[in-house]
Amino acid sequence: MLHLTFAALGGLPLLTGVSAQTWCNKHYMASQPIVPPGGNFPMAAPSTDPLLAFRCAASMKPYLEEDVGFPAGVLIDSPVVYSEISGAQPIDLQSGPLSSAGKLDVTVSLNGKTLVNALVPLNASAYELQFSLDGITPQMTPYNLSCVATFPASNSTATYSASAALSVLPNPTNSSVTKMDLRTGALLAKPATGLGGEYEPIFPIGFYTTFDGYLSTNLSAVDTLKEQGFNVIHIVPTFDNMTAFDMVLDRMQEVGIYLMYDMRFTYMNDTSVMEQVESIKYRPNLLLWYTGDEPDGTSDPLNATSIAYDLIYSLDGYHPVSLVLNCQDYEWASYTAGTDIVMQDVYMIGNNVTWSNEWNTTCTPDYGDCGCDNCFSIPAGDSNAVPPNSTYYGETVPADSGIGSYFDISDRVSSFKNRLEVMGWERTKAVWTVPQAFGGAEYWMRIPSGEEWVVQSIMGINHGALGVIPWVDPNPDYIKMAASGFAMSLPKLTPFFFSATSVRSNYLVGGVDIAIWATGVETLVLATNTDYVTTDVRWKDIGLYGIGAEAVYTSGSVETTSSSFTLGSVASGAFVVYS
């Protein structure tokens, strides 16, 4: 977390930040008064009566000219809710189950021409209606789909409407394309080598990686990262040596690693953004753009990310945009409006989350900076969650011990996902997670262990994160080995994550956080022990029979039997169970 930033692009210095007196709009120095930061995400008002939050979205972003002639799709979501989320309108329901309440008559049209009409159940999720792209001329600006639903009420017919962007782009002549599958949130891309191939779902895993002094002088590091199973490198500016920078990007393409291109220091400079996008957008291994790096922490202008987003799309349009937010709840909607992928970076290992090691002040929702915004200590008395050699407590763990909780990660990811639903963005934006792979300075007194790194990653994935981009590389070999082991296992896991028919369910057994993805006869179980003691989980606790369960990934001490599985201290495992 840097409070003073300086960048150089092509050797030209560009000062983009100043010494901050706030973080997440909070004062954090002992000499400063307590001033509530504001900017909280508004709570959706409850409703005593049912509401229909009718929504639609194109199945894919973007479609290409080459897709004309193949079926396209629009996704219909029709949740019946009891809170006033975006677009929710009253619906007159008869008593009884929703399954017998009737269906929505949905019409999707473009410029007054009906593309598809169909009946859609209430409480449907990503209900896909197919239509033809024939007659829709590819263009760089998106079309606007009109979605209208009627529902037979007791005395009349109720009408609900929504709209969606439909992007149908000309085939690129000299660049890659990254699509977003809005059914699952997955990115789809051709191989990063640029040598052709089919679009495949990508679960991005790879580090924020230092350029100056590391990649710039160590080209072989790219080969090593590929061998270790990582599929993306997020190169951290500055890029002072552009010759070396081009060599790194060329080598990444040769070995087949995607690029996450970072404009953190310059994303508010339109001229610089234009120069960088025009220079990089033709790279075959470009996966996505990255603009704001914790813009909520530095209180960047609220429209800054949206301005950059619109500019990038006007120049490119073939790759999504990402950013990371550090604050638990400061102007979340404003900053997230300017991205396709919003990442969270809870760093809770080795720091005191309630008393600032840096500023010698307390940390509350209104004041302070502990390196983990609004993070909670482990529960009072929960000695199982205390890391070995912790010095933050005596014989009994007190309240507000300052020992960070892994559940701050899952809570942050879940809250981001929930806010997307409130805003009506759950189809068009995805959430990724940024595990901590550093320590020993500033707020963080130690570096996570390899097993702790895995726990962080799985806590994000289990609650909906679709990418893992840790901060930062270089890092200790034991973290790289742990991360590599997990990366190598992902090809066995991602078919479950990205199946349009899979259903994710979550469980908590003691301190073990568990998610399961059911896809017909196979179920993936991904479990991580947030405690520093061994814990047993019975298969029946998560509604499964463990006969024939196959461990496809383990971290730390993991054992399985037909009746249970056992995870040692901060151990993790992935199992495929056959029904």
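Arg283 and Asp250 form a salt bridge in which the closest N and O atoms lie 2.5 Å apart; a salt bridge is here a side-chain nitrogen of Lys or Arg within 4 Å of a carboxyl oxygen of Asp or Glu. The pair links distant parts of the chain, 33 residues apart: Asp250 belongs to helix α2 (residues 242–255), and Arg283 to the loop between α3 (270–280) and β24 (286–293). Helices (H or I, at least four residues) and strands (E, at least two) are DSSP runs numbered from the N terminus. With 13% relative accessibility, Arg283 counts as buried, whereas Asp250, at 35%, counts as partly exposed. The class buried means under 20% relative accessible area, exposed means over 50%, and partly exposed lies in between (1.4 Å probe, protein chains only).

The model is predicted, and local features need pLDDT of at least 70, side-chain atom pairs count only at pLDDT 80 or more, and totals for chains, interfaces and linings use all residues. Residues are numbered from 1 along each chain as its sequence is written, and side-chain values use heavy atoms, with hydrogens and water left out.

The structure holds 18 salt bridges. One of them joins Asp293 to Arg264, with 3.2 Å between the closest N and O atoms. Asp293 lies in strand β24 and Arg264 in the loop between β23 (258–262) and α3, so this pair ties together parts that are 29 residues apart in sequence. Arg264 is buried, with a relative accessible area of 11%, while Asp293 is partly exposed at 24% relative accessibility.

A further salt bridge connects Asp473 with Lys480, the closest N and O atoms being 3.1 Å apart. Asp473 has a relative accessible area of 0% and is buried; Lys480 also counts as buried, at 9% relative accessibility.

An open sheet of three strands, with antiparallel pairing, has the order β10-β5-β11; two strands pair if DSSP finds at least two bridges between them. Strands β10 (80–83) and β11 (89–90) stand at the edges with a single partner strand each, so one side of each is left without a neighbour in the sheet. Strand β5 (residues 46–52) runs antiparallel to β10 and is joined to β10 by three bridges. The bridge partner of Leu52 in β10 is Val80.
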